[in-house]
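This report describes selected contacts and packing features of one protein chain. Please examine the sequence and the structure before reading on.

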Amino acid sequence: MLDQLDLALIAVMHDHPRAGVLELSRTTSVARGTVQARLRRLEEAGVITGYGPDVDLRAAGFPVQAYVTLEIAQGALDEVREALDAISQVVEAVVTTGSFDVLCLVATASHEELQGTLLRLDQSPSIVRSTSIVVLSVLIPRRVQPLLESAPRPGTTRAPAYRSHGS
């Protein structure tokens, strides 16, 4: 479970992705060693999964995006994973419950490329049926900070020198 210092570090890193340990230390008023230890713990726990740039697919030349639902043959998840992995336009794929088995996010440079990608998906013998839903606009971009801040916090695990900016 994340505490207030963890949340503060993640928030600063989100707002200032190029911030180094020293800047994080100054911004949160926590010793540099404490910041380094916390970041290492968050990485080892799998909470922080990377430091790469967030990429806006539209700005990067892929303005046509669609969510594609897949119904797959029973027991064919490995084959479907291989088929999807071979298609670079598949940005993300998740296994789901409900009336379909897999939900994919596909991004392409044009509607023609989207059509070709959908046809390529349907060529897999492990995919029984697909349904596509074209994205018109993004109402709320992917975000995690509000969710992290809404979770209950443990009581006294923050560093002694840390002072919440709201306190």
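Is Val-128 buried or exposed? In this predicted model, Val-128 is exposed, its relative accessible area being 59%. The residue belongs to strand S4, which spans residues 127-134. Beyond its sequence neighbours up to four places away, Val-128 touches Glu-71, Ile-72 and Ala-73. Its C-alpha atom is separated by 12 Å from that of Leu-77, a residue 51 positions away along the chain.

**Nonpolar cores**

The largest nonpolar core comprises 16 residues, and Val-68, Leu-70, Leu-84, Cys-104 and Leu-121 have the most contacts inside it. Two or more residues each come from strand S1 (64-72), helix H4 (77-85), strand S3 (102-108) and helix H5 (111-122). S1 gives the largest share, five residues. Leu-84 has contacts that include Leu-70, Val-90 and Leu-121. Another core, of 15 residues, lies apart from this one and has Leu-2, Leu-5, Leu-9 and Leu-39 among its members.

**Salt bridges**

The count of salt bridges comes to four; three of them are listed here.

| Pair | Closest N and O atoms |
|---|---|
| Arg-38 and Asp-6 | 2.8 Å |
| Arg-41 and Asp-6 | 2.8 Å |
| Arg-81 and Asp-78 | 2.8 Å |

Arg-38 lies in helix H3 (residues 32-44) and Asp-6 in helix H1 (residues 4-15), so their pairing ties together parts 32 residues apart in sequence. Asp-6 is buried, at 0% relative accessibility, and Arg-38 is buried at 10%, whereas Arg-41 is partly exposed at 37%. A network of salt bridges links Asp-3, Asp-6, Arg-38 and Arg-41. Arg-81 and Asp-78 both lie in helix H4, three residues apart; Arg-81 is exposed at 52%.

Terms used. Residues are numbered from 1 along each chain as its sequence is written. This is a predicted model: local features need pLDDT of at least 70, side-chain atom pairs count only at pLDDT 80 or more; totals for chains, interfaces and linings use all residues. Side-chain values use heavy atoms; hydrogens and water are left out. Helices (H or I, at least four residues) and strands (E, at least two) are DSSP runs, numbered from the N terminus. Buried means under 20% relative accessible area, exposed over 50%, partly exposed in between (1.4 Å probe, protein chains only). Contact means heavy atoms within 4.5 Å. A nonpolar core is a set of buried Ala, Val, Leu, Ile, Met, Phe, Trp, Tyr and Cys residues joined through side-chain atoms within 4.5 Å. A salt bridge is a side-chain nitrogen of Lys or Arg within 4 Å of a carboxyl oxygen of Asp or Glu.
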